[in-house]
Amino acid sequence: MSLDVGVIPTIKYLERPDKKVYDFIWHLNLNADEADWSVSSGGNTIVEYARENMIAQMEEYITDEKLVQDVADGIRKWAGALPWKDDVVMLHFSW
């Protein structure tokens, strides 16, 4: 068994989006166990999402919340603009 170590660069906080997108971000935070990988401690959660998983959760949220088209489009636009690298993104939630 080997041990790898990596450095997480400084967290770049994103501008807080409008309330409807912000509600979706809270949904992701509260359901972090549905991410591809997560760790949580003391008011902080770090999650990693594969794009496919994020899209599936986003579409389920949009359907479950019965969101109107412009709100759904805003959430999709926010998710699409995340700094994806090889279809993976890591997010830090802090409250």
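Me: Before I look at the charged side chains of this predicted model, what counts as a salt bridge?

Reply: A salt bridge is a side-chain nitrogen of Lys or Arg within 4 Å of a carboxyl oxygen of Asp or Glu. The general idea is that side chains of opposite charge can pair when their charged atoms come close. In this predicted model, Arg76 forms such a bridge with Glu59, and their closest N and O atoms are 2.8 Å apart. Because Arg76 lies in helix α3 and Glu59 in helix α2 (residues 51-64), the pair ties together parts that are 17 residues apart in sequence.

Me: Which other residue forms a salt bridge with Arg76?

Reply: Asp73 does, with the closest N and O atoms 3.2 Å apart; here both Arg76 and Asp73 belong to helix α3, three residues apart, which is about one turn of the helix. Through shared partners, the salt bridges join Glu59, Asp73 and Arg76 into one network.

Me: How many salt bridges does the structure hold, and where do Lys19 and Asp23 lie?

Reply: The structure holds four salt bridges, and one of them links Lys19 to Asp23, with the closest N and O atoms 3.0 Å apart. Both residues lie in helix α1, four residues apart, about one turn of the helix.

Me: Is Lys19 buried or exposed?

Reply: The reading rests on relative accessible area, where exposed means over 50% and buried under 20%. Lys19 has 58% and so counts as exposed, whereas Asp23, with 26%, is partly exposed.

Me: How should I read the rings of Phe24 and Trp78?

Reply: For a ring pair one looks at the distance between the centres and then at the angle of the planes, and an angle over 60 degrees counts as edge-to-face. There are three aromatic pairs; in the pair of Phe24 and Trp78 the centres are 6.3 Å apart and the planes stand at 80°, so this pair is edge-to-face. The pair links distant parts of the chain, since Phe24 is in helix α1 (residues 19-30) and Trp78 in helix α3 (residues 69-80), 54 residues apart. Phe24 is buried at 0% relative accessibility, and Trp78 is also buried, at 15%. Ring pairs link Phe24, Tyr61 and Trp78 into a cluster.

Me: What gathers on the surface in a patch of negative charge?

Reply: That patch is made of Asp33, Glu34, Glu60, Asp64 and Glu65. Asp33 sits in the loop between α1 and β1 (37-41) and, with 65% relative accessibility, counts as exposed.

Definitions and conventions: Residues numbered from 1 in each chain as written. Predicted model: local features only at pLDDT ≥ 70, side-chain atom pairs only at ≥ 80, totals over all residues. Heavy atoms only, no water. Phe/Tyr/Trp six-rings, centres within 6.5 Å; stacked < 30°, edge-to-face > 60°. Helix = DSSP H or I, 4+ residues; strand = E, 2+ residues; numbered from the N terminus. Buried < 20%, exposed > 50% of the residue type's maximum accessible area, 1.4 Å probe, protein only. Patch = residues over 30% accessible without salt bridge, like charges linked within 9 Å, V, L, I, M, F, W, Y side chains within 5 Å. Areas by Shrake-Rupley, 256 points an atom, 1.4 Å probe, with all protein chains shown as cover. Lys, Arg positive; Asp, Glu negative; His and termini not counted. Charge placed at Lys NZ, Arg CZ, Asp CG, Glu CD.
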